Amino acid sequence: MKVKVQKDGIGTLISELRKQEKISEKELSKGLCSLAEFRKIEAGEKAIGKTLLDALLGRMGRAADNFSIVLEKKQYQLYELRNQIQEAYLTEQEEQLKQGMEKLKGTHLETSRCDYQFYCKMRFLMGAYSYHGLEEMEQILIEIIQITVPKFQIEKVSEYYLCPEEISLCCLMASMYQECGEIRKAKVLLENLLICIEKRYQDPEEKVRIYPQTAILLLRVYNARNENKQWISLCQKTIDLLAENGMLTLMDELLEYYKIGLEEKIAKGQRRFTRLEETMYQTVCQGLKSIRDLKQEYGISYGRREIFVTKHEYYEVFLLQEMILDYRKRAQKSQSQLGEALGVEPETISRYETGRRKPSGKVYRILAEEIGMPKDRYGVVLPIEHYILYEKIRQVERYLFRREFLAAEQLFLELEPLIPKERAENLQYCIRTQAILDYYLHGISEQEKLERLEQAMRLTLPKYSISNENFLECHIPSRYEAILLNNIASSYWKIGEKEAAFFIFEAVLGAYQKSKIGEEYHLASITLIRVSYLMCLGEEGRYREALREIDKTIKMNITFGRGNMMPSLLYEKGWNLLRMAGGDITEAIKNTCMKYYQQAFWISGFMNNFIFQQNLEKLYEKDFDKKLF
């Protein structure tokens, strides 16, 4: 049977977004790749590398992590290497930095302007260039920026389409101006950069990667008293952006600046705080102390983050070799059978599944048809053409996370008719979301909710069953599958089937551990499962196990600057310590437990998780027989 081979859908996405943003082909591709190459990418005739895709989407202000990414072994290794180099620089691990740069140097940098620019930036930061004074240093940085932004001029920054990496280079230049005392130049550059970001970046998930460090640098050149209004406004706006996206990176610095701004506002007006200002000031001070105490306890330092793109979350990454193995086994085909369908030897299939060889674009698409793999290597949750719809679906998930069920239902009812149900993942999402909303808003039973959730789960995992211990044998769950499995396990726990709940939690965590992809690339999913898992451990009296999981999860999240689950983790740490002490609780242990409750309370406050904060206030009074403040 002849298989119809489809073109890469990612080109359609780029084309649609570009037209929506009213950007010409020439403007978007300028400096990143040739116009001819770009046109082939849009037409689906040429595969696109990850760094180039990130840059193109970034220039349009779109979050590249709004969809999953399937990478071949070499692509993943390059992606991970860049992240390792950046981390080594930030944490001042000089030997690892040198080794990483040597590896990067040998990866055919001449084929990717984006990777070459990153390499040059890191060499500059390592002091590999010779220069005498600010003028020569400035010229070197401009030349690095011009690798992807030809004819770059500082005074025209607000007019450019800049991706996050290009913005980080501008931040580096502003930081250099500050260090050399060129405050006016730094201020002009940063103010123009903020105009550029405001104009181009409407997606908050992409904006949060670049706005905070630009704001921090600008606050360093503002005067807290003379420019107090701009100072406080910039602090508020940036803190709100971080909170909306569950970010902790740079939050303590911004809270410190906000505190200074509020103090200067009162000093300038020679008056006392109003009641509202006093409440805000207390929240800022306590939040600042909570984050700093937390970072100190876990030995976390973000170092020189202000000149880098802030990491709010690594992209959800899957290895192509693992996906081929997974989907081949789901299709119940041997390597010989699949090889025959593709017209290749079984040994070639084996090489695909170990990463020793990558399939061509044509073979990839035939593979997708034969074993049911996603046809696009980007966007495995929704088809590429529904990217805009997917952005709104993410908002539904935010509402559900914050337990704002009425808002979630209202938006979901608008979206549901637009979601194409012929794709299993889409139908799964609709069934799961409707079941959750019906449970919380319309009173269906826990058992009925569970039955619907399991029906949804079998749409993408036909072998799913709590009696099948191998239902995740070769499968690495997607973000939405992890959310769904978490919902299912929690339902089993509520109806008293605790063994089933533990089985699902441990199966999901085990699936991520066995993958060759680092856990940080599935951070949101793993954190969600671990939080539910440790809650069950605690309720079963397995306090020490729960505390081990809590410490592991807190450290992982604070390392990567994630804050939306931090209040729950801190509360659980205090709760488990309190229960473990039992009747032998000392004053020191009691104070420690109270501290974690307090940290959870203040962090949930500035992260806008007010429902959790209100509940925590009641729990604190119940457990310690005193008011929280």
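Which helix is the place of R328? Select residues 320–330 and you have it: helix α16 (helices are DSSP runs of H or I, at least four residues, numbered from the N terminus).

Before moving on, note that this is a predicted model, where local features need pLDDT of at least 70, side-chain atom pairs count only at pLDDT 80 or more, and totals for chains, interfaces and linings use all residues. Residues are numbered from 1 along each chain as its sequence is written, and side-chain values use heavy atoms, leaving out hydrogens and water.

Stay on R328: with 9% relative accessibility, R328 counts as buried (buried is under 20% relative accessible area, exposed over 50%, partly exposed in between, using a 1.4 Å probe and protein chains only). Now show what R328 touches, skipping residues up to four places away in sequence: among them are K333, L338 and E353 (contact means heavy atoms within 4.5 Å).

Next, pick K185 and E138. They form a salt bridge, with the closest N and O atoms 3.2 Å apart (that is, a side-chain nitrogen of Lys or Arg within 4 Å of a carboxyl oxygen of Asp or Glu). K185 sits in helix α10 and E138 in helix α8, so the pair ties together parts that are 47 residues apart in sequence. K185 is partly exposed at 28%, while E138 is buried at 13%.

Then hop to K295 and D252, another salt bridge, at 2.8 Å between the closest N and O atoms. The pair links helix α15 (residues 275–297) with helix α14 (residues 251–269), and both K295 and D252 are buried.

Definitions and conventions:
Helices (H or I, at least four residues) and strands (E, at least two) are DSSP runs, numbered from the N terminus.
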